[in-house]
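These are my notebook entries from going through the structure element by element. I wrote down what I looked up, in the order in which I looked.

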Amino acid sequence: MKKRRQAKILDIISNLDVETQEDLQAILKENGFDVTQATISRDIKELRLVKELSESGRYVYSTGKKNNSDSVSIRATGIFVDSVISVESAMNMVCIKCFSGMAGAACAAIDSMQWNDVVGTIAGDDTIFVLCKTENAAQVFTTNLEKSLNVKNA
């Protein structure tokens, strides 16, 4: 029951602006979860929820993890574009050549984009290796990165 309730809380806060524990309690009750304020308080602590400023200017519950929003993508793409020299795929891996000392920043930018088919990344001084789930995923990833580079260079 606890796992289902906490999953529902995460679902609620990802879809609605919830300002107070009382609001959350009412929404949970509407969804068949009759819980006390103390239980909600414990769930918030266990889920490590925080309050963040929403687009409407109100403080609402959040996981604190940013979604793949446009502002994050634009910022990450800018860092990536300013650092990268070339991108090439081989099987299910992608090799990204960067200016000396820039691979770490570019790799962090890639990680912040949270690509679904990326298993992991590793960066050296001027090279990044990206492990993708499949060969096709590596090709799609490479194509998308090349498009990002061409947009900035155009």
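Entry 1, a hairpin. I began with E3 and E4, which form a hairpin with 2 residues between them, in what is a predicted model. The two strands pair in the antiparallel sense over 6 bridges, and I noted that Val-84 has Cys-98 in E4 as its bridge partner. In the turn I found Met-91, which has a positive phi of about 60 degrees although it is not a glycine. I wrote this down because most residues other than glycine have a negative phi. Met-91 lies in the loop between strand E3 (84-90) and strand E4 (93-98), and at 59% relative accessibility Met-91 counts as exposed.

Entry 2, the whole sheet. In which order do the strands of the open sheet lie? I read the order as E3-E4-E6-E5, an open sheet of 4 strands with antiparallel pairing. E3 and E5 stand at the edges and have a single partner strand each, so one side of each is left without a neighbour in the sheet. On average, neighbouring strands of this sheet are turned by 15 degrees against each other, direction ignored.

I then looked up how E4 and E6 are joined, and found 5 bridges in the antiparallel sense. Here Val-94 stands opposite Val-130 in E6, and Met-93 stands opposite Leu-131 in E6.

Which residues of E4 are on the covered face, and which are on the uncovered one? Val-94, Ile-96 and Cys-98 make up the covered face, whereas Met-93, Cys-95 and Lys-97 make up the uncovered one. I set beside this the general rule that in a regular strand the side chains alternate between the two faces of the sheet.

Which residues form the nonpolar patch on the surface? I listed Met-93, Val-119, Ile-122, Phe-129 and Leu-131, which together have about 440 Å² of accessible area. Strand E5 (118-123) and strand E6 (127-132) each supply at least two residues of this patch. I looked at Ile-122 on its own as well: Ile-122 has its place in strand E5 and is exposed, with a relative accessible area of 55%. Met-93, another member of the patch, belongs to the uncovered face of E4.

I moved on to helix H5 (residues 103-112), in which Ala-103, Ala-106, Cys-107, Ala-109 and Ile-110 are buried. Seen down the axis of H5, these buried residues fall within an arc of 155 degrees, so they line one face of the helix. Asp-111 is also found in helix H5, and at 42% relative accessibility Asp-111 counts as partly exposed. Between Asp-111 and Thr-121 I noted a C-alpha to C-alpha distance of 7.5 Å, with the two residues 10 apart in sequence. H5 is followed by Gln-114, whose phi is positive, near 50 degrees.

Where is Arg-48 found? I located Arg-48 in the loop between helix H3 (37-47) and strand E1 (50-53). Arg-48 has a positive phi of about 55 degrees although it is not a glycine, and at 67% relative accessibility Arg-48 counts as exposed.

Terms used: Residues are numbered from 1 along each chain as its sequence is written. This is a predicted model: local features need pLDDT of at least 70, side-chain atom pairs count only at pLDDT 80 or more; totals for chains, interfaces and linings use all residues. Side-chain values use heavy atoms; hydrogens and water are left out. Buried means under 20% relative accessible area, exposed over 50%, partly exposed in between (1.4 Å probe, protein chains only). The arc is that of the directions from the helix axis to the C-beta atoms. Patches are made of residues with over 30% relative accessible area and no salt bridge: like charges are joined within 9 Å, nonpolar side chains (Val, Leu, Ile, Met, Phe, Trp, Tyr) within 5 Å. Accessible areas come from the Shrake-Rupley method with a 1.4 Å probe; for residues, only the protein chains shown count as cover. A salt bridge is a side-chain nitrogen of Lys or Arg within 4 Å of a carboxyl oxygen of Asp or Glu. Two strands pair if DSSP finds at least two bridges between them. Axes are lines fitted to C-alpha atoms, for helices over the stretch in contact, and angles run from 0 to 180 degrees between N-to-C directions.
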